[in-house]
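Biologist: I am new to this structure. Could you walk me through how to read its features?

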Amino acid sequence: MNRLCRADIESRDGRRRPSLHLGLFLLLVVVLFPKLSHAYAGPGAGFAVLSSFWAIFVAFLYSFYALMTWPFRQLFRFIRRRNAYGKATFERAVILGFDGMDPDLADRFMSEGRLPNLVKLREKGTFSKLRTTFPPISPVAWSTFMTGVNPGKHNIYDFLARDTSNYLPFLSSAEIKGPKRHIKIGKYSIPFGKTEIKGMRKGTPFWHWLGNAGIFSSVIRVPVTFPPEKFQGVLLSGMCVPDLKGSQGTFCLCTTRASNDKFREGGVRVPIERKNGVCRSYIPGPENPLLEKAGELRVDFEIRPEPGSKSARIVVGSEKFTLKVGEYSEWVPAEFKAGMGFTAHGICRFYLKELSPEVEVYVTPVNIDPGHPDLPISHPVTYSIYLAKLYGPYATLGLAEDTWALNEHVLDDDAFLAQAYGNHEDRERMLFDALDKTKQGLCTCVFDTTDRVQHMFWRYLEEDHPAARDVPHSQHPPVIQELYERMDRLVGRVMEKIDDDTLLLVISDHGFKSFARCMNVNAWLHQNGYLALKDGKTESGDWFEDVDWSRTRAYTMGLNGLYLNIKGREKQGIVDPAEADALKDELQKKLNGLVDPASGTVGITGVFIADNVYRGPYTDNSPDLIVGYGAGYRASWDSVMGKVTGQVFEDNIKAWSGDHCIDPRLVPGVLFSSHKFIEDKPAIVDVAPTILKLFGLALPAHFDGKAWTLAAKVQ
Amino acid sequence: MTVLSNPIYAAAIAAFNLALLASPLAIVIVLSLVVGLLMVVLFGYTSDQKAIGIAKDQLKAHLLAVRLYRDQIPVVMGSYGKILRGTGRYLKLAFKPLLYVIIPIILLMVQVDRYLGQTPIPTNAPFLLTVHTTSRGALDDATLDLPPEITMTAPAVHIPAENEIVWRLAGSRDGEYKVKIAAAGQSVAKAVCVGSNLPRISTVRWRGHFWERMFSSAEAALPESSPIESISINYPDRNIEIAGYGMNWIWLFFILSMIAGFIFKELLGIQI
């Protein structure tokens, strides 16, 4: 990690003593010969003076404008909204979202004295389990958090949704379409018009209601906020922001090792060519939008191993830097030039894995450059630019921590953690800036680190996790414990920044459990006659490649959804809608309580019929049944991708060893608050109504959550 | 190095072509291009590019903050303060490379000013030769020895209060001549340029006065024992016509070299 800290700049300035003498000489010249000197200063001084003058001048204009118009704007706002904070119980609400923080683990670590700041919150305010959503998946739960409604009203049921016309998946949260019209010039096909980005999440985030009432919000990295929507405040999109390729994160392993193996998901292998001691490779980018026969855009780079040291000089365009083996680069600009002046602007980080005998470099997914965003990733667009200018480039990808690379053994534990905590530090900086800037209103920031690290390191919490059987228990690193301690320190620093007029909530969207055993529900459906394969097939490839839909009544894809193949809805549906309820009941009875024969443990502790848990205008898009796996179980990697295998149960030996996509009753989230609430069973759906109520606003009638009651506010 | 070499190559070709025109305007344009390029490159090599980039980025961030949080006056005012501090930090970072850049350029410009700052005395046009002496006594016996091409058009004017004597002269033919001034038994010379070319012009010859000599004289110092302090000629200032507007070459150079610098900094990816 050789990232340049911006705070270093001032200290480095202080060491420039030799220039003092030259400075005095110049000063002498200027004093003695003012006429000549000012004229001869030429472009160098001219640039400096112009640049700094320009900054001050523009700032002055802005400030003047802001100052002059402020009373009128306030008056206008007052007339329109009548004193925004008049009925507010708090001046400010700060919500820290720790994705996946588990109440049982938090409780355990608190009792061990490891989380003093969370203990303070518990003693002063509230500590409770926070009921999550059906299913307990981040995009679903955070959508409920922000809209105050159940998934039937916000339309997010999983990361993926299925296309009933072809049984293929698509991203549930956003749809990106290129411009419809193109102008053909030679081999080029120039897009004409704007890229269309359609948000699929419905419902209104509660900060929009606050904004309508004149209350400002800073919203950072809350999942499913891409594409960003207009409101009174600033927002940086989180989970579901794609990388520059349009995927949810595709890393690149550049290697001299010959291999035809493909990564199961999330990455590509790119060859390195070695010639005369210089290695050349490339970063694959998006498809060329200007060519009818789309080809992949690339950014070439060179690796020049430095003799006698375990380091190499890497050259990417005009960027040159040296990396040691086991070291990350800073964020490096990657410009993919499509021709005719079209360029896609990305950023990525390099990690030098190996130099001898083979050369291997890992490159992170190419993130959208926040300083030059080709897609809107913030509201206003300038907010992501502002943060990039203030703190330097940062990860913008929704799932920025590269879990796939660790799963595929491209990164080791330490490299993954370095990456995850690097991103985490950026988010912390953004949070504290937002806290400084939002003295009144709402400030909310979601940290993904808690989720990703628990996913990848749960194996070390258990004695006999299949994914950590090769590591003696005594050597299991306390990664998750350290994670919780780190988050506790963050809470402590936030508490130092707030006073009693600020409500602090620390919440998580769900908890966590072990993921030791995989269950392929498609395999079970096949073995029990609900899903049929084409003649002669005993298994199916990804996305139901070998499924015979004309004989299939039910199938599963994604993490918890189970679908019936209903006539008139699915393209090749065979289940009569009138018989659907009976089939749902039948599947519920058979799957509920399903036992893993290897251990005698219940693999599925609850199957929920969607009609009973969802209500709202988008229930037609929901799965028909929600499968609630037992603790220790989850949908198998194959099952998620619509693959039918021979085995129903199998060990999970991937680093991704903890999960929460199970029975929601088993994985509630946490609720800590700085002020005590009187509420028996708080739920994540209650957060939005609670915040609106505390700011003195009326609750929209369509809300499903209820506002918590504040016990008393200490004056 | 293709990115670097292309603009340099292009600039060199452009400079060569323009120099062929041999007019003051062409020289200023060529000089501005070359100096703009050199200064940008020199600035790039002598500055902490990363730190300057960060300082500039932070300035931009604070400007954006003023816009993003415009309804929050404390934030706006705080950002304004940070802009001022950031500007100071930026100037501090730019100081050292500016020194490297400015000093050689000042010396170069002083030399160029000899050629472009003034025009020679037009043929048959009167001009004044002014001599300062150290004492009034030296003033009384000062005499002038002129070459045949230079003639005196009026008697000398003595200004005892300022130890000064002034002759009005005129040149009848283009060329560079020496006029000799004798006083207190010593004789010194001063160059006079007559005509319309681009000769190296020295407006004054000094005794001592190191700094003045550096910046305003193109002749050797007068002997320390000489009773004469300085000899000056009132050459006309040269104005360069551009778009019907005449200006001193230095202002034109300042503007053009800035433009060239801004272009080259973009081409070369150098932070200024």
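Modeller: Gladly. Keep in mind that this is a predicted model. Start with burial: a residue counts as buried if 20 or more other C-beta atoms lie within 10 Å of its own. In helix H10 (residues 381-391) of chain A, eight of the eleven residues are buried, so the helix is largely enclosed by the rest of the structure.

Biologist: Which residues of H10(A) are buried?

Modeller: They are Tyr383(A), Ser384(A), Ile385(A), Tyr386(A), Leu387(A), Ala388(A), Lys389(A) and Leu390(A). They pack against strand E10 (233-237), strand E23 (378-379) and helix H12 (413-437) of chain A, and also against helix H3 (49-68) of chain B. Just after H10(A) comes Gly392(A), with a positive phi of about 90°.

Biologist: How do I read a sheet? In what order do the five strands of the open sheet in chain A run?

Modeller: Follow the pairing from strand to strand. The order is E13-E14-E15-E16-E17, and the pairing is antiparallel. Strand E13 (273-275) and strand E17 (319-324) of chain A are the edges, each pairing on one side only. From one strand to the next, the twist averages 25°.

Biologist: How many bridges join E15 and E16 of chain A?

Modeller: Six bridges link strand E15 (residues 296-306) to strand E16 (residues 311-316). Ile303(A) stands opposite Ile314(A) in E16(A).

Biologist: And domains? Which does the assignment give for chain B?

Modeller: Domain 1 covers 2-117 + 245-268, and domain 2 covers 126-233. Their centres, taken over C-alpha atoms, are 40 Å apart. Four residues of domain 1 and seven of domain 2 make the contact. On the domain 1 side, helix H4 (residues 73-116) of chain B gives the largest share, three residues. That side divides into three nonpolar, no polar and one charged.

Technical notes. Residues are numbered from 1 along each chain as its sequence is written. Chains are lettered from A and ligands numbered from 1 in the order in which they are written. This is a predicted model: local features need pLDDT of at least 70, side-chain atom pairs count only at pLDDT 80 or more; totals for chains, interfaces and linings use all residues. Domain bounds come from an automatic or database domain assignment. Two residues are in contact if their C-beta atoms, placed from the backbone, lie within 7 Å. Helices (H or I, at least four residues) and strands (E, at least two) are DSSP runs, numbered from the N terminus. Ala, Val, Leu, Ile, Met, Phe, Trp, Tyr, Cys and Pro count as nonpolar, Asp, Glu, Lys and Arg as charged, and the others, Gly among them, as polar. A residue is buried if 20 or more other C-beta atoms lie within 10 Å of its own, exposed if 12 or fewer, and partly exposed in between; C-beta atoms are placed from the backbone. Two strands pair if DSSP finds at least two bridges between them. Axes are lines fitted to C-alpha atoms, for helices over the stretch in contact, and angles run from 0 to 180 degrees between N-to-C directions.
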